[in-house]
Amino acid sequence: MSIDDAQVARSQAVDFWNRILVPKFSKYKHILVGGLSLHSAKIFPSLKVKQGDRVVDVGCGFGDTSIELAKRAGPKGSVLGIDCCEAFLEHGRRDTKKAGVANIEFVEADVQFYCFEPVHDFCFSRFGTQFFDNPVAGLRNMRRSLKPGAFMTMIVWRTIDDNPWLGLPKKIVLNYLPPVEECVPNCGPGPFSMADTEVVTVQLKAAGYEDVEFERVDAQLMVGRDVEDAVAFQLALGPAGEVYREAGAAAERHHAAIKSALAAELTKYQTADGIIMDSSSWKVTARNPS
């Protein structure tokens, strides 16, 4: 794929994010930020970020990770938060102001093509790299942001079978609707595209990194305040939501049955804190050669 072809492919995926996914992500921010932050919270104490560091946050979304990184970098450090969706960054700017954090710059850009300066001490991404149309190109460009010897850490989902909060609802919906065809517009390769450690190791080495390491991270996520919230979330986003969205009229015909089946299953995970389900990710660390 040429650079021009890659840019077209990414522009289509970026358009899909902005047109289809942003409104839904914003509606379910309470689930996405509240849940995904459990994975980053578990690994933040071990990140190679110190006071005064310059940090890049790739696919920063609503900016919650940028705020945490900025606190670790301190007032003499800085964070460059990058995302392809300006609507997400608007949330980040508002939340940053509320938090009283002044050392973050948010930039709307496609990370795969952004012109980084190699002046950063650390690069981070939480569930953002899995959507690169060309993973090696995206990872290589992230490496270009780093000083020699500096580290990159990304969090990526393990397999769908390791993530029943997404896998189980998809299986239920597929009992009523056909699988998604490969040719439909989408947000990129998808949430599980970096689940295979051998594949990701090859990608990182091809992108010029060394000292690649993986660490498993498990967390229980709140996937809805109650059953109704959880069912609505699953039909809007994730693998089940994709199947439901692409089925069109068939989804409408089977809506009541699908909703009932999801509710029956998700009720099993009801707790005092909401619908709680298991999830699993990889913490992936790699170094820019000295």
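A polar contact is a pair of N or O atoms within 3.5 Å; within protein, one must be able to donate a hydrogen and the other to accept it, and residues adjacent in sequence count only if both atoms are side-chain atoms. Keep that in mind for Asp64 and Arg126: a polar contact of 2.9 Å joins their side chains.

Some ground rules. This is a predicted model, where local features need pLDDT of at least 70 and side-chain atom pairs count only at pLDDT 80 or more, while totals for chains, interfaces and linings use all residues. Residues are numbered from 1 along each chain as its sequence is written, and side-chain values use heavy atoms, with hydrogens and water left out.

Let's start with helix 3. Asp64 is found in this helix, which spans residues 64-73. Helices are DSSP runs of H or I, at least four residues, and strands are runs of E, at least two, all numbered from the N terminus. Is Asp64 buried or exposed? Asp64 counts as buried, because its relative accessibility is 18%. Buried means under 20% relative accessible area, exposed means over 50%, and partly exposed is in between, with a 1.4 Å probe and protein chains only.

What does Asp64 touch? Leaving out residues up to four places away in sequence, Asp64 touches Val33, Ser37 and Arg126. Contact here means heavy atoms within 4.5 Å.

Now the helix as a whole. Helix 3 is largely enclosed by the rest of the structure, because 7 of its 10 residues are buried. Those buried residues are Asp64, Thr65, Ser66, Ile67, Leu69, Ala70 and Ala73. What covers them? The cover includes helix 2, helix 4 (86-99), strand 1 (54-58), strand 2 (78-83), strand 3 (104-108) and strand 4.

Ala73 also sits in helix 3. At 0% relative accessibility, Ala73 counts as buried. Beyond residues up to four places away in sequence, Ala73 touches Val49, Lys50, Gln51, Gly52, Asp53 and Ser78. Take Gly52: 21 residues separate it from Ala73 along the chain, yet their C-alpha atoms are separated by 5.3 Å. Just after helix 3 comes Gly74, with a positive phi of about 75°.

Next, phi in residues that are not glycine. Most residues other than glycine have a negative phi. Phe127 has a positive one, near 60°. Where is Phe127? Phe127 lies in the loop between strand 4 (120-126) and helix 5. Phe127 is buried, with a relative accessible area of 8%. Asp211 also has a positive phi, near 55°. Asp211 lies in strand 6. At 45% relative accessibility, Asp211 counts as partly exposed.

On to helix 7. Gly190 counts as buried, at 9% relative accessibility. Gly190 touches Gln130 and Phe131, not counting residues up to four places away in sequence.

Asp196 caps the N-terminal end of helix 7, with a side-chain oxygen 2.9 Å from the backbone nitrogen of Glu198. Which residues of helix 7 (residues 197-206) are buried? They are Val200, Gln203 and Leu204. Seen down the helix axis, the buried residues of helix 7 fall within an arc of 95°, so they line one face of the helix. That arc is taken over the directions from the helix axis to the C-beta atoms. On the other side of helix 7, Glu198, Val202 and Lys205 are exposed. The buried residues of helix 7 pack against helix 5 (135-143), strand 5 (146-157), strand 6 (210-222) and strand 8 (274-287). Just after helix 7, Gly208 takes a positive phi of about 100°.

Last topic: cavities. On a 1 Å grid over the protein atoms alone, a cavity is a set of points where a 1.4 Å probe fits but cannot get out, and lining residues have an atom within 4 Å of a point. Grid points are joined across faces, edges and corners, and a volume is the space filled by probe spheres set on the points. How many cavities of 30 Å³ or more are there? The count comes to 1. The largest cavity has a volume of about 30 Å³. Its lining is Ile31, Leu32, Gly35, Leu36, Trp165, Leu221, Met222 and Phe233. Helix 2 (29-43) gives the most to that lining, with 4 residues. That is all from me.

How values were computed: 1 Å grid on protein atoms, 1.4 Å probe; cavity = no way out; pocket = protein on both sides within 12 Å on 5 of 7 lines; lining within 4 Å.
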